[in-house]
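Student: I would like to go through this model with you, beginning with the ligand and then moving to individual residues. Could you set it out for me?

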Amino acid sequence: MRRMVCETRLNAADFIYPIFVAEGNNIMKPVDSMPTVYQYSIDNLDQILPQIADSGISGLLIFGIPEKKDELATEAYNDKGVTQQAIRYIKEHYPDMLVIADVCLCEYTSHGHCGVVKGDKILNDSTLPLLCKMAVSLAKAGADIIAPSDMMDGRIGVIRKMLEEEGFIHTRIMAYSAKYASAFYGPFRDAVGSSGNLGKSTKAVYQQDPANSDEALWEVGLDLAEGADMVMVKPGMPYLDVVRRVKDEFKAPTFVYHVSGEYAMIKCAAAAGCIDEKKITMESMICCKRAGADGILTYCALDVARWLKEGYNY
Ligand code: PBG
């Protein structure tokens, strides 16, 4: 009876799995703050890609970690950069894999910010051309979807225009539209090596204030008007009210990013014997969908897909 009246269901296809690709050889380095998540070098990607391919999830989101970081994030738009090479590798060996490429400078900058820094300011408009170059370079490498996560104003419009001009008329844009200045990204910043570089400085000047939700609608509206195909709210669980408002207001494909800190909280509490990992994970996912998310980006994606295959019935 409960199955019959159940309003929300999980499918493997709801999920996207983020991966970290490090420049170098023979790397499979655990991310300390994210149990069972690793950085892989390209020659080790086959440790994870077959699992993703067999899981039935929709695809992966790729983050590259270059050896060399600099002020202007040069490696972000180097056609031979680690992310570009990894995308080419994936597309060559797993042509059916949907590849989403994160567009942001912070994995590539020596200061760890998502934009160009001058003194104590982030320069929005000087950042835009670099994001455009990065987007085109990733599309050229074979990315199916470009996902700008930098939160600079006006970037969706200029990236869309640049992609069109360069002939990438089929490349989709998934905009991190309502992205909050959140401490839940802490473990991710360890994973990509930006936390140490950021030091005490804050991303709150370009990411959203957790106190605001009208602002999220404003941001989503702008991104859709500028040409985004789909939008995202991030983090996930603490922001499900925002997901619901965005979905109700715009009816656009709406994704939610269940981020590194949320993942770490589940994994670490489970390892300490405080919670039931499987039940808490599945409940978290169904809550994201109930709130209105069409899809979920999560480091739990492969676990969830496996549990669904085993017949876990929420
Ligand atoms: C890059 C980016 C971040 C995340 C995704 N893309 C971190 C940040 O803004 O500092 C966070 C993902 C996670 O915590 O899992 N801008």
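**The ligand and its surroundings**

Tutor: The ligand is surrounded by 19 residues, and the closest are Lys179, Arg189, Lys234, Ser260 and Tyr299; a residue is near a molecule or strand if one of its heavy atoms lies within 4 Å of it. This is a predicted model, in which local features need pLDDT of at least 70 and side-chain atom pairs count only at pLDDT 80 or more, while totals for chains, interfaces and linings use all residues. Residues are numbered from 1 along each chain as its sequence is written, and side-chain values use heavy atoms, with hydrogens and water left out.

Student: How does the shell around the ligand divide into nonpolar, polar and charged residues?

Tutor: The shell has ten nonpolar, three polar and six charged residues. Here Ala, Val, Leu, Ile, Met, Phe, Trp, Tyr, Cys and Pro count as nonpolar, Asp, Glu, Lys and Arg as charged, and the others, Gly among them, as polar.

Student: What can be said of the space taken by the ligand?

Tutor: That space is the largest cavity. On a 1 Å grid over the protein atoms alone, a cavity is a set of points where a 1.4 Å probe fits but cannot get out.

Student: Back to Lys234, then. What kind of peptide bond joins Lys234 and Pro235?

Tutor: The bond between Lys234 and Pro235 is cis, with omega about -5°. Pro235 belongs to the loop between strand E10 (230–234) and helix H8 (240–250). Helices (H or I, at least four residues) and strands (E, at least two) are DSSP runs, numbered from the N terminus.

Student: Let us turn to backbone angles. What is the phi of Ala73?

Tutor: Phi of Ala73 is near 55°, a positive value in a residue other than glycine. Ala73 is in the loop between E4 and H2.

Student: Is Ala73 buried or exposed?

Tutor: Ala73 counts as buried because its relative accessibility is 0%; buried means under 20% relative accessible area, exposed over 50%, and partly exposed in between (1.4 Å probe, protein chains only). Lys251 also has a positive phi of about 55° without being a glycine. Lys251 is located in the loop between H8 and strand E11 (254–258) and counts as exposed, at 60% relative accessibility.

Student: Some serines next. Which side chain does Ser177 contact?

Tutor: The side chain of Ser177 makes a polar contact of 2.8 Å with the side chain of Asp223. Ser177 lies in strand E9 (residues 172–179) and is buried, at 0% relative accessibility.

Student: And where is Ser137?

Tutor: Ser137 is part of helix H3 (residues 124–141). Its side chain makes a polar contact with that of Asp79, at 2.7 Å. Ser137 counts as buried because its relative accessible area is 3%.

Student: Last topic: Lys247 and Lys179. How many residues apart are they in sequence?

Tutor: Lys247 and Lys179 are 68 residues apart in sequence and 15 Å apart in space, C-alpha to C-alpha. Lys247 is in helix H8 and counts as buried, at 18% relative accessibility.

Student: What about Gly154, buried or partly exposed?

Tutor: Gly154 counts as partly exposed because its relative accessibility is 30%. Gly154 sits in the loop between strand E8 (145–148) and helix H4 (155–165). From Gly154 to Asp248 the separation is 94 residues in sequence and 24 Å in space, C-alpha to C-alpha.

Conventions: On a 1 Å grid over the protein atoms alone, a cavity is a set of points where a 1.4 Å probe fits but cannot get out, and a pocket is an open set with protein on both sides within 12 Å along at least five of seven lines; lining residues have an atom within 4 Å of a point. A molecule sits in a cavity or pocket if more than half of its atoms lie within 2 Å of its grid points. A polar contact is a pair of N or O atoms within 3.5 Å; within protein, one must be able to donate a hydrogen and the other to accept it, and residues adjacent in sequence count only if both atoms are side-chain atoms.
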